[in-house]
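Here is a short briefing on one protein chain. Keep the sequence and the structure in view while reading.

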Amino acid sequence: MGNADSKLHFRKAVIQLTTKTQPVEATDDAFWDQFWADTATKVQDIFALVPAAEIRAVREESPSNLATLCYKAVEKLVQAADSGCPSDRERQIVLNCTRLLTRILPYIFEDADWRGFFWSTVPGAGRAGSLDEEGEDGARPLAESLLLAIADLLFCPDFTVQSHKKSGPDAAEDMQSMDSCEYIWEAGVGFAQSPPLNYIHDINRTELLKLLLTCFSETMYLPPSSECKSLNPWVTFFSSTDNRHALPLFTSLLNVVCGYDPVGYGIPYNHLMFSDHREQLVEQAVQILIVTLEHEARSATMSGLRTLDSPASPSAMEEEPAGPDNLFVNYLSRIHREEDFSFLLKGLTKLLNNPLLQTYLPHSTKKIQFHQELLILFWKLCDFNKKFLFFVLKSSDVLDMLVPILFYLNDARADQSLVGLMHICVFILLLLSGERNFGVRLNKPFILRVPMDIPVFTGTHADLLIVIFHKIITSGHQRLQPLFDCLLTIIVNVSPYLKSLSMVAANKLLHLLEAFSSQWFVFSSPQNHHLVFFLLEVFNNIIQYQFDGNFNLVYAIIRKRSIFHQLANLPSDMPSIEKALQKKKKPATRISRASSVETMEGSKPAGPAEPGTLKASLEATPGLDKITEKSQVGEDGTMVTLPHSDVVQAPDSNAEAVPGASDTESNSERDHEVYHTESEAAGSGLSISWNPNSDWVVSWKTKLPLQTIMRLLQVLVPQVEKICIDKGLTDESEILKFLQHGTLVGLLPVPHPILIRKYQANAGTAIWFRTYMWGVIYLRNVDPPIWYDTDIRLFEIQRI
């Protein structure tokens, strides 16, 4: 009964607020207390009892009342933070104010005229309450008071942390003098004690973090912008030195996420009987982390690089260098102890591998849903802390990260609502593939049996990577086309280190070359020939640097030698070009780089997303030339960055070893255009407004790096044919045995320098990450639906 009464009471207060045309005085406590003092409503109730239309009505018709409501709610949080909320009543007031502000803030942000309200000082704040800490003239803006109060309340003994003192009103700890570093929520980075689990504390932390995330969400109401001045003022202040809890809060969030074990005690169906309050906290914590780490990427990377040269100190974070102003980025870039790196990597791999866990009992173990946020966090760690990246690549532990990433790629390839997930996975692999150690690690045999619908093979992690990339290209959906260049670039980057490809992987690579080198496909877009260059570069790298163990690939090349001969003899006269393009001018043919690989064993075409699925739109990704820089590996193993304008020539000819994309328009712009005109042009099979000519074909055909492969075929084909005739062989194994013991030493052209395309962040990728991250956060926060039906401008929400 009591709960129903309090809901009714609260609803009456809301109706009073929306119907009053005269401003209510801030000093009328009897009126304002109705919203938080006498009620015990859940956050879902607040969302139901305060409809969007009524918030907007108050905003338009009696703005001073909405302003006073916000101010009074913040004032209550500030008072509670000062007192340490010793009583149950004060804690209930904090929760009610937190929920109310979570409900109202998005409607403040969606109106440009209101956006500055929280950054203004409220007249009379010094007289009416305790918000004015700095005297009448230096009153804090409301936003700063709110953020500092939330930070204090997240370390409030007996409310959000375990008290270290005896209970009782006399023993209450002084909030201003307590050291919150002693109250870090979980053991891990820089903190050894693991406080006892307290689900009430977890629930209270979750509610405060939800409000904090709502404060940060002002970004969602601004259109995408690459300007540096578009820093989020809420995040900037919260992660500055003004927040005395920045270090313990960063550490608490990181440790709670990486220390979380979703399986718990391993009792089957455990998660169906008990609700896991820690999971909700972990989800909010990882979202707060990725949002606070989004800013000042460039300076953070520089800080991370600087720490590589500084001596190790015994503390968890290094004392110097100063690094960026954003303390969260600063702390992340300065973690350096091996045990901390191990804790972070083990925690992330455990969580990312969770959906891959197989048991004989269906649904018996809990599957986490926040893997996209975890992938962004892993990305931030690698990007901002180069020592962490080198730690990850130092051992085979990186493969524990690779397998779930490949699982997510394979699983999401057919779902159009998961394009963003595909991109973040590919970006992570592109970043890792820029380091030699990643290629070396891929040679470890793959023996796990993960639930993936891929051909059975015996081989290495490199084989797994190639098989899954082949599947994405051949059976993914239309919107994955901009990723083809990135997928092949990753294979190019690791190819000089791959000791022995399986027959399955070798055939997949040749299948891709066959598809991408078909005449109609090469001629149908100004970029498609780059895919051929990438694949030839893969074959050249393996033949030149790893010939001995790669007899499967050599055999596949010999079997499919006609592909290379056709490439060498590709016609460049206009009648042949037109004839090739006419072949594909059939009705109902999609414009697709993958159209030529429509038939593939075991593949099923990409299906549409489930009806009713919500999807956040994404910014176009910059072209490959914009997100990578070329590095050449010297004889001593060091890397030299090459200027973008360099054309690196193979020593054996004038063949271009690096097919750069800089002479063409950005992939993203082209593909963006293709999507929108796809329906009209579906019958043509050609890219929009593209007319290839002889000069264009000759310009790149003469640079095809075919010399090494042609020399290999010239030497080995006669030998293989002779063995077959002499011994009457029809058995592959004998030929493979011959190739296994063959050598081409002294017969091949001089090895070309190894070229690596390393990931390079830029303004375009920063905007892409911002829209992707907030899109994920929007779609994941549905209970309560914090931003639903508000005027989001950073991206569009589409119902599929």
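The model is predicted. The chain holds 35 helices and seven strands. Of its 800 residues, 58% count as buried.

**Nonpolar core**

- The largest nonpolar core has 247 residues.
- Inside this core, F35, F118, F216, L409 and L429 have the most contacts.
- Helix 20 (residues 419-433) supplies the largest share of the core, with twelve residues.
- What does F216 touch, once neighbours within four places in sequence are left aside? The partners are L147, N232, W234, V235, F238, I288, V291, T292 and W774.

**Helix 23 against helix 26**

- Two packed helices are described by the angle between their axes and the distance between the axes.
- For helix 23 and helix 26 (residues 529-546), the angle is about 10° and the axes are 9 Å apart.
- Helix 23 is therefore roughly parallel to helix 26, since an angle under 35 degrees counts as such.
- On the helix 23 side, the contact is formed by F484, D485, L488, T489, I491 and V492.
- On the helix 26 side, the residues are L531, F534, L535, E537, V538 and N541.
- By class, the contact of helix 23 with helix 26 has eight nonpolar, two polar and two charged residues.

- L488 belongs to helix 23 (residues 484-494).
- Is L488 buried or exposed? Its relative accessible area is 1%, and because buried means under 20%, L488 counts as buried.
- Beyond four places in sequence, L488 touches I473, L512, F516, L531, F534 and L535.
- L488 and L531 are 43 residues apart along the chain, yet their C-alpha atoms are separated by 7.3 Å.

**Helix 24 against helix 28**

- Helix 24 (residues 503-516) and helix 28 (residues 561-568) have axes that come within 10 Å.
- Their axes cross at roughly 30°.
- Helix 24 and helix 28 are therefore roughly parallel to each other.
- Helix 24 passes helix 28 in a left-handed crossing.
- Helix 24 contributes L510, L513 and E514, which meet I563, F564 and L567 of helix 28.
- This contact of helix 24 with helix 28 has five nonpolar residues, no polar ones and one charged residue.

**Backbone geometry**

- Most residues other than glycine have a negative phi, and most peptide bonds are trans.
- Where does the cis peptide bond with omega near 0° lie? This bond runs from D783 to P784.
- P784 sits in the loop between helix 35 (763-780) and strand 7 (797-799).
- D789 is found in the loop between helix 35 and strand 7.
- D789 is not a glycine, but its phi is positive, at about 65°.
- D789 counts as exposed, with 55% relative accessibility.
- D158 is another residue other than glycine with a positive phi, near 65°.
- The place of D158 is the loop between helix 8 (142-153) and helix 9 (199-216).
- With 36% relative accessibility, D158 counts as partly exposed.

**Residue pairs in space**

- G634 lies in the loop between strand 4 (628-633) and strand 5 (639-641).
- Its relative accessibility is 28%, so G634 counts as partly exposed.
- G634 and P753 are 119 residues apart in sequence. From C-alpha to C-alpha, G634 and P753 are 7.3 Å apart.
- D411 is part of helix 19 (residues 398-412).
- D411 has a relative accessible area of 56% and is exposed.
- D411 and M422 are eleven residues apart along the chain, with 9.5 Å between their C-alpha atoms.

Notes
Residues are numbered from 1 along each chain as its sequence is written. This is a predicted model: local features need pLDDT of at least 70, side-chain atom pairs count only at pLDDT 80 or more; totals for chains, interfaces and linings use all residues. Side-chain values use heavy atoms; hydrogens and water are left out. Axes are lines fitted to C-alpha atoms, for helices over the stretch in contact, and angles run from 0 to 180 degrees between N-to-C directions. Helices (H or I, at least four residues) and strands (E, at least two) are DSSP runs, numbered from the N terminus. Angles under 35 degrees count as roughly parallel, over 145 as roughly antiparallel, 65 to 115 as roughly perpendicular and the rest as oblique. A crossing is left-handed if the near helix is turned anticlockwise from the far one by less than a right angle, and right-handed if clockwise. Contact means heavy atoms within 4.5 Å. Ala, Val, Leu, Ile, Met, Phe, Trp, Tyr, Cys and Pro count as nonpolar, Asp, Glu, Lys and Arg as charged, and the others, Gly among them, as polar. A nonpolar core is a set of buried Ala, Val, Leu, Ile, Met, Phe, Trp, Tyr and Cys residues joined through side-chain atoms within 4.5 Å. Buried means under 20% relative accessible area, exposed over 50%, partly exposed in between (1.4 Å probe, protein chains only).
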